[in-house]
Amino acid sequence: MMNHLWKKLTDIKLPFWVMFMNTFSMAVGFYMMIPLLASYLLHDLLLSVTIVGVISAIRSLSQQGLSAFCGTLADRLGYKRTILVGLLIRTFGFGMFGFVDHVPGLIIACFFSGLGAALFQPASYAYYAALSTPQNRITVYAIREMLSNLGFVVGPVVGALLMGFHFKYVSMTATLIFVFSFFLSLLLLPRIKIEQKPQDARMLPQMKKVLQNRAFRRFMVFTMISWSLVAQLYMAIPFRVNQIAPDANIGLIYSCGAVVMVLLQVPFAKLGQSKMQPFGVLSLATLLLAAGLFTIGMTGSMIGIYAGVIAFMIGQVFLQPMMNTMVSEFAGSGSIASYFGFNSFALSIGAMLGNVGGGYLYDLGTVLGWRALPWICFLLFGLMNIFFMLKEQGRRTDSKTVSV
C-alpha cells in the first residue's frame, strides 16, 4: 500500500507540486491576517465600524470587481507572468498593513491586496486547467480546494499566536509567505505551451467574446445565485448562535466545518463527477447549501447548528471543484483566465446580493416577529435555482442527443 501511495505521489509532476504549495501557503497567509484585520482596526487603531467596513469593502471591490479585466489580461500576458505580478502586488499590500496606522494608507494597502488577488487568482485557476486533463481536472480542483481549506484551518491559529505579540508580526509573516510563493513560482513554475494568445488578443474584443457565450452567461447566473447562499455562512452562524447560545464558541463551529471540507473534498468531488451530470452536481450542492441554512435557522439547539454547518460545508465540497471544472470546459483553450475572471466577478455579485439581501431578510424577520422568514426564503431560493439548473442540464442532454 505504501509503495502504491509513493508511486502516486511521484507521478505528480513538478508544476502541480508548485501550484499546490502556492495554494496552501497563500491560503495560510491570507487567513492568518484578513480575519484578524478587522479586530486590529477596531481595537488597536480605534477606527469606527463604518470605516472598517469601507476599508474591507475596498479590498473586496478591487479583488472581485477587477477580476474580469485581470483574467483577460492573464490570457494576453501569460499565466505565469500574471501570477508573479499578482503575488508581488499582494506582497506590497500585505506588507503595508504592518507599517501604516492611518486610513488613507490602509485604503491603499487594501486596494493593492485585492488587486494582487484579482491578477493571480484567474491566472492560477487557468494554470491548473492547462496542466490538467478532462479526466483528472475535477480531482485537481478538489485538491486545490482541500489545500485552501487546510490553510483556513492553519492560518487563523498562526495569526492568533502572532497577534499576541503585535499585529505587525502577523503582517510581516503573511508578507514573507507571499514572498516565498513568488520565488517558488519564479524559479520552479514553467511557462506552459498552452499559453497562446487568442486570435484577437485585444482586451475588449476578448471580453466581448466571453460575454457572447450564452450558455456561459446562464451558467454565471446559476453560480451567482448559489454563491449568494454561500455568502450567508459568515452572517447566518453568528446571527443564529447569538439567538440560541450567545456564549458559544463560533470559531469552533467554523473550524469543525473546515475540517469536514478538508477530509471530504477529494473523495466527494470525484464521487459527484462519476455518478452525476455537471448541473446535477451543482444542484445537489445547492440543495445541501439551502438545506444547511434552513437547518441552522429552524433548529433550537447547538447540535442542530453543527448539523446544518456540516450539510452546508458538504454542499461547498460538491460546488467548488465542479464549478471550476465547468468554467474550464466552457473556455476550451486560449481564453481560460478570461472565463475564470468573469465567473469570479459573477460570484462577487452573488456575494453582494447575498450579504445585502440576507441582512435585509434577517432584520425583516425580526421586525415582523417571523424568525423563520430568512431561512424559508433561502430554501425556496435554492430550490428555484435547482429547478432551472436541471432544466439547463436537460437542454444540454437534448442537444447532445440531436448532434449524435
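Select helices H4 (residues 67-77) and H15 (residues 336-368) to begin. Their axes come within 7 Å and cross at roughly 175 degrees, so H4 and H15 are roughly antiparallel to each other. Here, helices are DSSP runs of H or I with at least four residues, while strands are runs of E with at least two, and both are numbered from the N terminus. Axes are lines fitted to C-alpha atoms, for helices over the stretch in contact, with angles from 0 to 180 degrees between N-to-C directions. Under 35 degrees counts as roughly parallel, over 145 as roughly antiparallel, 65 to 115 as roughly perpendicular, and the rest as oblique.

A word on what you're looking at: this is a predicted model, where local features need pLDDT of at least 70 and side-chain atom pairs count only at pLDDT 80 or more, while totals for chains, interfaces and linings use all residues. Residues are numbered from 1 along each chain as its sequence is written, and side-chain values use heavy atoms, leaving out hydrogens and water.

Now show the side chains. Which residues of H4 meet H15? They are Ser67, Ala68, Gly71, Thr72, Ala74 and Asp75, and among their partners in H15 are Ile336, Phe342 and Phe345. Contact means heavy atoms within 4.5 Å.

Next, pick H6 (residues 103-131). Its 29 residues reach 42 Å from first C-alpha to last, close to the 42 Å expected at 1.5 Å a residue (the expected span is 1.5 Å times one less than the number of residues). In H6, 22 of the 29 residues are buried, so this helix is largely enclosed by the rest of the structure. Buried means under 20% relative accessible area, exposed over 50%, and partly exposed in between, using a 1.4 Å probe and protein chains only.

Then jump to glutamate 392 in H16 (residues 373-403). Is glutamate 392 buried or exposed? At 3% relative accessibility, it counts as buried. Leaving aside neighbours within four places in sequence, glutamate 392 is in contact with Arg218, Phe222 and Phe279.

Last stop: rings. The whole structure has 29 aromatic pairs, meaning Phe, Tyr or Trp rings (for Trp, the six-membered one) with centres within 6.5 Å; planes under 30 degrees apart are stacked, over 60 edge-to-face, and the rest tilted. Phenylalanine 92 sits in H5 (residues 79-97) and phenylalanine 112 in H6, 20 residues apart.
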